[in-house]
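Please work through the exercises below with the sequence and the structure in view. Each task is followed by a solution in steps.

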Amino acid sequence: MRECRRGAQGIRHSFVLPGRKAARGYSTRSTTGLATIFLALALCGAPPALAQGDWVPELEATPSESRGRSDPIVILLPADLDPAIYQNLAVELDDIDVTAFVLVENARLVVTPPETLSTGSHSLRLVERGGDGSILERGYWSLDVRHSELIRDLSVNANLAGEVNTRFAENGIDTPPQHVTGESAGTAEASAGDEHWRISAQGSYLYNSQIDLGIDGRNFDFSEYRIDGDYEQDSFFAGFTAGDHDTGIDNLIMSGFYRRGVSLRTGLADDRLSVTGFVQSTEALVGTRHELGISRNEERVEGASVSVRPIEALKDNIVLTGTFYTGEGGDGGFGIGSDEVVNEGDGWSIAADTLWFDEALRLRGEYAQTNFDFDGKDQGFDAETADAYSVLASLEPLRGATLDGSVFTWTIGVQRDQVDTFFSSLANPYLEPDRETTSVYTDFLWDEFSAQLRVDHQVNNVDDLDYLPTDRNINIYFNGNYTPYIEPLEDGSLPWYGQPFFGISASWYEIDRIDKSQDSPNDDANNSTRSLTLSTGANYETWNWNLSHTIYSFEDHVDLSSDTRNNSTGLSAYFLVDDWLTLQPSVQWDNFEDLDTGDDNQSLLLNLGANVTVIPETLDATLYYSLNHRMGDGDTPDTNSLNGEVVWTLRQADVNRLGIAVAVTGHIQDTNDDFDNPEDDLQYQAFTSLRLSLPVAY
Amino acid sequence: MKLRFLPLALVFLVTASALLLAPGAFAGILSVDTTQARIPVSSVGPSTVTVTWQVLRLGGSAPSNPGTISSPSGTLIVNGTVLATNQRPLSRFAPGPPATTESLIFTETFTVPQAVAFRAIKSGVPIVYQRTFTDSLPTTPPSSLSGTTLLTPSGPGSAPFNVSRMELRFDDGSRFKVLPKGRRLRAVARLNTSGNGLIRGQWEIATAATTAGTPVFRTLALVRRPVAGGRPVTITSPPLPTRFEGNNLVRLRLDDPEVLFDEPQLQYYVTPESPLPQRRDPQPMLVTSPSLGTPLTLTTRFSWQALPGAHLYKLEIFGAPPGPGDNVATNEVVTDVPLDRAPNVESVRGLTPLTGIVVPAAVTEVRLQDFTLEHLPGDRRYEWSVKALDKEGAVIGRSPAREIYKP
């Protein structure tokens, strides 16, 4: 079927969408409503093809009990339907126009899904363009794609790999491990589900014969895992998650809290009410020493969050959320470096997020309170109670307006935050306390230009303690980009300068002490921090490049610390040479100066990565060269290093089929210093490896 | 008169004899001072401070009075109560030339816990850091003297430049990854800072080419990030190398400021390239039309550069987040060297398209039909992207997500 351009560009009438039957469900019954407007005109200049006002397509039943993921979908048209109408028909699968993949065969439309359908419910729509340009929905069906009659969703995927390495050469390694080492890792996912329920699990493991490189001090262990279960009816939903996850709660007392634990959720299907309860470890865990991570009272937080959309008519516009937590623990664990101190605390938050005037205005507010024992349970001072609030108003005043023919997007906003001096939460370790910040910002996008500007005014010592000084911090941040539109050449290629882009980013921070400490009147502060970054680059079909330069300066007007200046330049590129070679060169140059002491030091970092396919699917190589050269004061030894790997694939891995490969891999690193008695330190290790891999899919 | 001066003379003779005859008779610590009488510390987090002690020692009358000046620990005191102890000992050998004062310098760096600063603020007094230095040369009594310096909780303008916390994760939030060769991966470091300065460090990796034996780290990219007034900072790594099969390690090592906690590192294991289509990363696709700012109408032409190996192209339109944009994020930076060629589709990741069109590989430009556009309410912003699929259904190419407005 052709697309009909005249119909698409001619006079358009309002669409006619016959009412759909309410019981759409998970069946293959047609729910077509009849077109009510008689189509008078044909399109495309062809002889008038009179639309039959009343014809009903049917969906051909599947040969088997359940529809497979790649099974063609056949729409049966009335045998006496005027063939001229065929050119006016279009098919949508999940609201995506797939007309180009529909074949017409004897009053049948055969839809071959261009992508393998996922299991679950899909929509199929047949539309006809009327002679007057109107759109008639001739048929609408819900398709249920199932794994089998027994169960709708069932999948198991795994990616397993392992290798045995034999070191046949080494030098300069102080304490080399055993000559033969082994390692293996894998990830597995499984899911099952049907109309109202779904359960899924995923996890990974690591084995390493060198215990120092194992997980959590073990040769073999599982690392992270996650199990999800969900149940949904027409009116409500419920679910749980166990393992390593972030509940998604994001407010002043809890944000980005990715930890091991258990969370439960339930609510109404229309999202007007949802409740999440959680119990999670405060410590970041991997491995199976603590399977659920919540067995220790002294290392967990627990709480809940409730979201309500109180007004039915405004359920997309007003959301109220309340959250509370209580717990005790330290802020440390795998992947975290800190002074791990055990604290006890609790807190609550209430927030409102609203949209007005057709989503052009956002008003958001939050108030939170915490109790936090800074100096330990049952010692020193009691837990400190502290408050925080945040309010934001942002407006898109001229949405849809155009400037010189191009739409521009303009947002302005103001935000006010106040966080008490001793506001702290176990579930939000990133929060910056002790500040009153008023922020004004604007965001502008027009044609090839975009810009962002933000101005902050911030003071500390929110609790107005005489013992502490009060500093004022004024920040100005600007970011701008220019991406010119490039018309391709006649042959469709890009001109020699490709698709270029340009950027500028600048920031300025000014800190001064507006009220000194009564205890330390000589303790003063007055400094400025500035940075400016210029960047440019271009994209081509098979390569791109990027260049940037950053200037940073720090001036201390009371000479507490040194004035400093830093210049950094970075240039990198990527080249794809046919299909067998990729190159990734990069260079960074950095110059740091202490303007008070006269010290300076320079760093030069050169990297070159190359991936070579010598024989496709059989022999490939990877090389990575790096030069790290430092000069000036505080000099450290230079290093030249080369990492390389050549892999010969004896048997290509395929789904549920073991792959076998052998490899030669290794590195060489040369370390030089610039002292009078130069001392070369040559390190190298070389290995042969036998590798096995097994991708599993069901 | 002779009798009255006799006791004094005897005392003098005895003392002189003791001084002259006893080996190293007197080599004592005369004073213990610090170069800074007051050192500001952060009031809202732990602080890493450097204290320099100057110990003045007097050499005795003997030709040589060697000894070791040492201090086993330092204590943090608030209102007379010892709240924390720095267990790191300080020790230095003093040769002890006769009758000469020696100046010995001891420099130490340690962390002042937030709990101690909290107590000091609540009590309205500074923190007293005290060390006692002892001379090993045997004297009676042993020569020992204490010195103190004051640590005063201060504002962000003068707090020491610190990184008090570093959390490393991969860009999907996990802390361990198993992924096929060639897949894109980044690490994200979230730092809690105080004070003012320039974070200088580098992303380092130990590839599988070394971890089969002894891991050897090399520098992947330099990191330079200013901090003013202490605030959370997020630093994203460049794309991590995923071409070496096996166990790989990544870390963010800081040169300045110095950190006293063990810097964390992450592991990721690279497996051979996956035959499963959904486990391969797409190449970037170049879009040639429409230009930014073109509204979405029936006449809007979407066009792109053909990608070798493509079997079909799919243009997808996604919903943009409702409402005006949020406040500009200024605390996040992405290390952009080496560059990342991956298309930026973060804004549409995990979203289901609202509508779109699928065309065969011979077609590289389309205009959407009215029955397609009817799925999209007007006066709204959307995001769109084109992806290329091969015969197996693998996504082999993708364009970056772009915003478009429908009137």
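The model is predicted: local features need pLDDT of at least 70, side-chain atom pairs count only at pLDDT 80 or more, and totals for chains, interfaces and linings use all residues. Residues are numbered from 1 along each chain as its sequence is written, while chains are lettered from A and ligands numbered from 1 in the order in which they are written.

**Exercise 1.** Determine how strand 27 of chain B pairs with strand 26 and with strand 19 of chain B.

*Solution.* Step 1: recall the terms. A strand is a DSSP run of E with at least two residues, numbered from the N terminus, and two strands pair if DSSP finds at least two bridges between them.
Step 1: take strand 26 (residues 380-389) of chain B, which runs antiparallel to strand 27 and is joined to it by three bridges. B:Ala388 has B:Gly397 as its bridge partner. The two strands form a hairpin with five residues between them, and B:Gly393 in the turn has a positive phi of about 90°.
Step 2: take strand 19 (residues 283-284) of chain B, which pairs with strand 27 (residues 395-398) in the parallel sense over two bridges. Here B:Pro284 has B:Arg398 as its bridge partner.

**Exercise 2.** Describe the open sheet of five strands in chain B and identify its edges.

*Solution.* Step 1: the strand order is 12-18-17-14-15, with mixed pairing.
Step 1: strand 12 (176-180) and strand 15 (218-227) of chain B each have a single partner strand, so one side of each lacks a neighbour in the sheet.
Step 2: inside the order, strand 14 (residues 197-206) and strand 17 (residues 246-256) of chain B run antiparallel and are joined by seven bridges. B:Ala206 stands opposite B:Leu249 of strand 17.

**Exercise 3.** Locate the largest nonpolar core and name the residues with the most contacts inside it.

*Solution.* Step 1: a nonpolar core is a set of buried Ala, Val, Leu, Ile, Met, Phe, Trp, Tyr and Cys residues joined through C-beta atoms within 7 Å; buried means that 20 or more other C-beta atoms, placed from the backbone, lie within 10 Å of the residue's own.
Step 1: the largest core has 58 residues, and B:Ala187, B:Ala189, B:Val223 and B:Leu252 have the most contacts inside it.
Step 2: apart from this core lies another, of 48 residues, among them B:Phe302 and B:Trp304.

**Exercise 4.** How many residues does each chain give to the contact between chain A and chain B?

*Solution.* Counting residues in contact (C-beta atoms, placed from the backbone, within 7 Å), chain B gives 118 residues and chain A gives 162 residues.

Technical notes:
Helices (H or I, at least four residues) and strands (E, at least two) are DSSP runs, numbered from the N terminus. Two residues are in contact if their C-beta atoms, placed from the backbone, lie within 7 Å. A residue is buried if 20 or more other C-beta atoms lie within 10 Å of its own, exposed if 12 or fewer, and partly exposed in between; C-beta atoms are placed from the backbone.
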